[in-house]
Amino acid sequence: MKIKKLPVGIQTFEKIRSDEYLYVDKTEYIYRLVTGGTVYFLSRPRRFGKSLTLSTLDALFSGREELFKGLYIHDKWDWNRKYPVIRIDWSKIRHGTPEELERSLLTHLKIIARKNQMEMLSEYASDYLGELIEELHRKTGEQAVILVDEYDVPILDAIGKSGEEIEAMQKALHSIYKVLKGTDEHIKFIFLTGISKFAGLSIFSALNNLKDITLSEEYAAICGITQEELESNFSEYLDAVAEKLSSTREKLLDDIRHWYNGYSWDGKTSVYNPFSVLLFFGEKEFKSYWFATGTPTFLITLLKERNSVESFLQPVHASEAVFSRYNPERLETIPLLFQTGYLTIKEIPKDGDNKSVYTFEPPNEEVRDAFVSHLFGAYSELEMDEMTKLHADMQHQLKTGDSEGLERSLKAMIARVPYQLHIEEEKYYHSLLLVWLHFLGFKPQGEISTNIGRIDAVWKLPEMTVIAEVKYSAKKSFLGKLLHKASKQIYDRKYYEAWRNEPGKIVLVSIAFSGREVGCRIEMLNNS
């Protein structure tokens, strides 16, 4: 059986199905949507499959039966009925000002009318949309379907402008969306997607019976890839990557889960970032794919200005009210990080008043390491020549077994970390070491699974593999004992076995932290 191509960057359902790309069947969720209601809103982070969901709905309502053969919904849908579809993608419509938005949207709607061999009389975009909906219903005999992608782009792009400019953009959008309320009798189905749901935004009051499924348990996996979907749809890729990385399938699955799983909107269902998974199977290397597609400069700046980095370094708790506090003129840290995908819901217990209290954490290793690395860079403000020198120094210290020199390098790291970023926990120092290594240009892997434990860090250098174990204690006098404990754990659990047959040396590094005190021990193993 021919292995299916990976649809990296492809958001069109027709292209995926027609060109035989791998498709994870989400049509069971689509079926629930179209048979269970008429007006929906879904928020998910960027590159999480929102556009593909809309494209699938477009193909379904347009009656493209050939694209759905073999999928869950195929024998459950009436293919004799074809509905007119109006699709609006705000990321493709110019919106620098309300006037520009008006002209660009009007042009877009005229193109849709022309495709349907229709001409409208209206001169304004909102009026034109209403007329188009009514005329499509009249001409086809079927109610129209409205699909809106990235509804919040005009507002997100206005953040940082004056309050008057943001309000003007909201009013422009409200005038458009209220048309949907006024033409309700001509509409079969409405689906809006975006990254954020702004609190109190008049856009939502302009829609009748809107159902927000963002936090719905029923639709928790409508976007993203579940564990079952990963193992069943990517089986051949799992085997190929396991062979390349000299790993077992079980260990590889554990590592992929650690790196890319963990996103949740109901505190129960956990999904993988589809963009990262596709690129990982394509490149067969663990690294930050999703994070690298858009450096969140404004988020880093905001966290630094508010001195609120603890919200990303340790679990934070917030009531259900946090989801109604997303205001474009006054952005709050927790809802901002959650809706953009840098925090996710890990748990929803009940407090004494029977109200939901949510626990938020970074979803996985990819997001945690990359985000903290950017935070570290913002705080340390290292120049490029300094980073180059520190990188060269550490590489030389590891190559020559210079434990004292490595201690100096790690002390330089600690000195660069502001007090806001310090947490007295061992796992924090694991992360700090990985952040430092990433920041200096090394490519470490953290928390590497073995059959009897996890290695804190592994990274490659010319002619050597470095394996590190980190220990922490609040008592300074414990440095020697901690180093012995770290070294003993490496040998007892034989962390080096997986790299025994690779060329070059294996460098075993034991590291002990106690506040700002650091101890190191370097040992060499020669592969035979």
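The points below are grouped by topic.

This is a predicted model, in which local features need pLDDT of at least 70 and side-chain atom pairs count only at pLDDT 80 or more, while totals for chains, interfaces and linings use all residues. Residues are numbered from 1 along each chain as its sequence is written, and side-chain values use heavy atoms, with hydrogens and water left out.

**Nonpolar cores**
- A nonpolar core is a set of buried (under 20% relative accessible area, 1.4 Å probe, protein chains only) Ala, Val, Leu, Ile, Met, Phe, Trp, Tyr and Cys residues joined through side-chain atoms within 4.5 Å.
- The largest nonpolar core has 84 residues, of which Phe189, Phe191, Phe234, Ile256, Phe281 and Phe360 touch the most other members.
- Another core, of 36 residues, lies apart from it and includes Met120, Leu132, Val148 and Ile187.

**Helices α10 and α11**
- Helix α10 (residues 235-244) packs against helix α11 (residues 249-260) at an angle of about 100 degrees, with their axes 10 Å apart; axes are lines fitted to C-alpha atoms over the stretch in contact, and angles run from 0 to 180 degrees between N-to-C directions.
- The two helices are therefore roughly perpendicular (65 to 115 degrees).
- In contact (heavy atoms within 4.5 Å), Ser235, Leu238, Asp239, Val241 and Ala242 of α10 meet Arg249, Leu252, Leu253 and Ile256 of α11.

**Cysteines**
- The count of disulfides (pairs of cysteine sulfur atoms within 2.5 Å) is zero.
- Cys223 is buried at 2% relative accessibility, and Cys520 is buried at 7%.

Technical notes: Buried means under 20% relative accessible area, exposed over 50%, partly exposed in between (1.4 Å probe, protein chains only). Helices (H or I, at least four residues) and strands (E, at least two) are DSSP runs, numbered from the N terminus. Angles under 35 degrees count as roughly parallel, over 145 as roughly antiparallel, 65 to 115 as roughly perpendicular and the rest as oblique.
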